[in-house]
Amino acid sequence: MILEKLEGSFCDDYNKLEAYANALRGGNPGCHVVINLSKEALLQGKKKFLRMYICFQALKMGCKEGLRPFIGPDRTFLKGKAKGQLLVAVGRDNMDHFYPLAWDVVHRETKRRWT
């Protein structure tokens with residue numbers, strides 16, 4: 001209860017995701033942001049976050065114009081109260097620098113999610 005008062009509630013943060021997505025779209029024309037909610041929860045009149053995908057237009061253009069035809073997947077596990085995985089698609093340029101191309105927060109990694 002004390003930590004929630006100090007840090008705020010996860011529910012408050014999840015309720016701000018749509019506003020965050022709209023701010024990304026408004027400030028980054030061509031930015032691709034998708035938020036998926038549970039259909040079952042929506043049928044019950046509730047919102048339950050499933051995943052969020054973000055790809056900035058500048059990263060798309062940079063990938064097409066300057067990166068090698070290499071895209072590598074990476075992931076990290078999210079720990080704490082909000083569990084899941086952060087999936088990242090990474091591109092590489094001619095100087096062997098790596099750049100994140102897209103992010104996707106999911107509950108579990110599957111072949112379909114990477115596709």
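Arg25 counts as partly exposed, at 31% relative accessibility. Partly exposed means between the two cut-offs: buried is under 20% relative accessible area and exposed is over 50%, with a 1.4 Å probe and protein chains only. This is a predicted model, in which local features need pLDDT of at least 70, side-chain atom pairs count only at pLDDT 80 or more, and totals for chains, interfaces and linings use all residues. Residues are numbered from 1 along each chain as its sequence is written, and side-chain values use heavy atoms, with hydrogens and water left out.

**The salt bridge**

Arg25 forms a salt bridge with Glu18. The closest N and O atoms are 3.6 Å apart. The rule asks for a side-chain nitrogen of Lys or Arg within 4 Å of a carboxyl oxygen of Asp or Glu. By this rule the count is 1 salt bridge. Glu18 is partly exposed, at 41% relative accessibility. Side chains of opposite charge can pair when their charged atoms come close.

**Helix H3**

Helix H3 spans residues 17-27. Helices (H or I, at least four residues) and strands (E, at least two) are DSSP runs, numbered from the N terminus. The buried residues of H3 are Leu17, Ala21 and Leu24. They line one face of the helix, because they fall within an arc of 60 degrees seen down the axis of H3. The arc is that of the directions from the helix axis to the C-beta atoms. An α-helix has 3.6 residues a turn, so residues three or four places apart point the same way. Ala19, Gly26 and Gly27 are exposed on the other side of H3.

**The whole chain**

The protein chain has 6 helices and 5 strands. From the N terminus on, the order is α-α-α-β-α-β-α-β-β-β-α. Of its 115 residues, 25% are buried. The chain exposes about 8,700 Å², and carbon and sulfur atoms supply 58% of this area. Accessible areas come from the Shrake-Rupley method with a 1.4 Å probe; for residues, only the protein chains shown count as cover. Among contacts with a separation of 6 or more, 43% join residues 24 or more positions apart. Contact means heavy atoms within 4.5 Å.

**Strands E1 and E2**

Strand E1 covers residues 32-37 and pairs with E2 in the antiparallel sense over 6 bridges. Pairing requires that DSSP finds at least two bridges between the strands. His32 has Cys55, in E2, as its bridge partner. Strand E2 (residues 49-55) is mostly covered, with 5 of its 7 residues buried.

Ser38 lies in the loop between E1 and helix H4 (39-43). Ser38 is buried, with a relative accessible area of 7%. Leaving out residues up to four places away in sequence, Ser38 touches Lys48 and Leu50. A polar atom of the Ser38 side chain lies 3.2 Å from the backbone nitrogen of Ala41.

**Pairs apart in sequence**

Gly62 sits in helix H5 (residues 57-66) and is partly exposed, at 31% relative accessibility. Leu86 is found in strand E4 (residues 84-92) and is partly exposed, at 23% relative accessibility. Each has a partner in the table.

| Pair | Separation in sequence | C-alpha to C-alpha |
|---|---|---|
| Gly62 and Gly91 | 29 residues | 9.5 Å |
| Leu86 and Thr76 | 10 residues | 5.4 Å |

Methods. Polar contact = N/O pair within 3.5 Å; in protein donor to acceptor, adjacent residues only side chain to side chain.
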